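Here are some notes for your next look at the coordinates, kept to a handful of points. I hope they are handy beside the viewer.

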2 protein chains.
Amino acid sequence: MKKIIILAGNGLLPKLIINKCKLKKIFFYVLYFSNQQYLEKYPNALKVTFGNVLTELKKLRKKGFNQILMAGSISRPNFKDLKPDLNSIKLLPKFVKKIMEGGDNNLLKLVINELERFGFKILNLKTFLPEIFLGIGNQTKFKPSRSNLLDINKGMKILINNSKFDIGQSIIIQHGSVIGIEAAQGTDNLIKQSYPYLRGINQGVLIKMVKKKQDSRVDLPTIGLKTVKNLKKYSLRGVAYSANKTIILNKIDVINYCESNKIFLFGL
Amino acid sequence: MKKIIILAGNGLLPKLIINKCKLKKIFFYVLYFSNQQYLEKYPNALKVTFGNVLTELKKLRKKGFNQILMAGSISRPNFKDLKPDLNSIKLLPKFVKKIMEGGDNNLLKLVINELERFGFKILNLKTFLPEIFLGIGNQTKFKPSRSNLLDINKGMKILINNSKFDIGQSIIIQHGSVIGIEAAQGTDNLIKQSYPYLRGINQGVLIKMVKKKQDSRVDLPTIGLKTVKNLKKYSLRGVAYSANKTIILNKIDVINYCESNKIFLFGL
């Protein structure tokens, strides 16, 4: 029988994975980083920190858990919050070095390598939960205009070009003008912050892509109901996303909302 | 005697140029786009729009004005506000095409080419007002740390790399992490918006550079007292700028403020 450790971050994703495990009768244990109320009552869930997660993983390893599924975003830790225990203190110098070099991919690659070195297999979310992805091309009746397609094309080029620096997961463009580029603020804030600089309504687009070297086992870009509601609220016409590599949370609701509010969902 | 047309946009720069003209007894005429109260009472100043500026320029050309100094930023016009007169209507298709292609350099290059075609010489601000620029290296006693210098180096690479798309005049980095990238919001808003994502205080840096193909006769990046006050207020440690290509408004005040508030000014 499969025994999976779910390394849970923020957001809805850990819950979807737990539901799938239950459905498929897969035995799982959750190690979670942030405060997730629904996990507090779970018998097979434990809150961890960057300082003690390795120790907890090793304990589970001894109990036969040898597969890990990483789910949801985990905030970059503060140095002073690390408080490493005996197991993680050995890794700390490497970890700090990677943090200093910057870039999330860099850091995640280190984490994955270390976990694999401990004998864990890191599962691919795409294989485990294929139902939360969407494919290539238009997903609703409402389509991007010619101007939107030009903007999407430009945005793709810029994101791919930026991707070597491990930055810029999303960008907002309108009629060839770059309105906003995502850095640390996240997509929702990017949308809000860009609103005052749009000219005319419902003409700009959001382009959101995986980074070039992004490991698809972790940290995939996510689009949820909140994202598409923000597109509507802040007057954007739609979103172009990396097909089959973007998590679409509440997929059915997202598509329905887009259909009724004339927002396009366009897979690249 | 020199006769100069000052094409005035927003900000303090037009005023500095007017003062210099007075000091050097240069005969000038101001065409201004935005509401600038102090210009309203000038006998030799006229408010113009994108729709009638060419006609006014031609009139001045006939009166012997054959040099133009472009000063201060001019907002990208709304299509519906253009209202072109007979002279500008001929240029409109070209103009609209460039706007659709996006990127400010693109648009400015067109404007400069057209003005040169009409027989105007576009003056270089660096030659006319050398006292508003700063050179290479540290300009205050307070120096960037080793970590700051690494961040500055990373920021430079990203800005140069982005520059081919005519975007990203400035960026905020802290310990290798890209906190914010400027698009349409301007540097002051970038600083404000990035604040919540900084870790620890006075460690991040702002890097502000000219774009690769930027015409130094127009649209130079600007640092003023407001910029350095924002650096202090939002807990950044300093700013690295393109030496001799960045306008430092109120230079003495800027340097004094930096000296007394431990902010570095570093010319690249």
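1. Helices here are DSSP runs of H or I with at least four residues, strands are runs of E with at least two, and both are numbered from the N terminus. B:N250 has a positive phi of about 55°, although B:N250 is not a glycine. As background, most residues other than glycine have a negative phi. At 32% relative accessibility, B:N250 is partly exposed; the cut-offs are under 20% relative accessible area for buried, over 50% for exposed and in between for partly exposed, with a 1.4 Å probe and protein chains only.

2. A word on conventions: this is a predicted model, in which local features need pLDDT of at least 70 and side-chain atom pairs count only at pLDDT 80 or more, while totals for chains, interfaces and linings use all residues. Residues are numbered from 1 along each chain as its sequence is written, chains are lettered from A and ligands numbered from 1 in the order in which they are written, and side-chain values use heavy atoms, leaving out hydrogens and water.

3. A:N250 lies between β12 (247-248) and α11 of chain A, with a positive phi of about 55° despite not being a glycine. A relative accessible area of 32% makes A:N250 partly exposed.

4. The axes of α10 (residues 225-233) and α11 (residues 251-261) of chain B come within 9 Å and cross at roughly 15°. The axes are lines fitted to C-alpha atoms over the stretch in contact, with angles from 0 to 180 degrees between N-to-C directions. The crossing of α10(B) and α11(B) is right-handed, meaning that the near helix is turned clockwise from the far one by less than a right angle, with anticlockwise being left-handed.

5. Which residues join the two helices in chain A? There, α10 (residues 225-233) and α11 (residues 251-261) have axes that come within 9 Å and cross at roughly 15°. From α10(A) the contact uses A:L225, A:V228, A:K229 and A:K232, and from α11(A) A:D253, A:V254, A:Y257, A:C258 and A:N261; contact means heavy atoms within 4.5 Å. By class, five are nonpolar, one is polar and three are charged. In this scheme Ala, Val, Leu, Ile, Met, Phe, Trp, Tyr, Cys and Pro are nonpolar, Asp, Glu, Lys and Arg are charged, and the others, Gly among them, are polar.

6. Two further loop residues of chain A deserve a look. A:K141, between β6 (137-138) and α8 (146-162), is exposed at 70% relative accessibility. The C-alpha atoms of A:K141 and A:C258 are 9.1 Å apart, although 117 residues separate the two along the chain. A:S163, in the loop between α8 and β7 (170-174) of chain A, is buried at 8%. Beyond its neighbours within four places in sequence, A:S163 touches A:K211 and A:K212.

7. Finally, the overall picture of chain A: 11 helices and 13 strands, with 54% of its 268 residues buried. Among contacts with a separation of 6 or more, 72% are between residues 24 or more positions apart.
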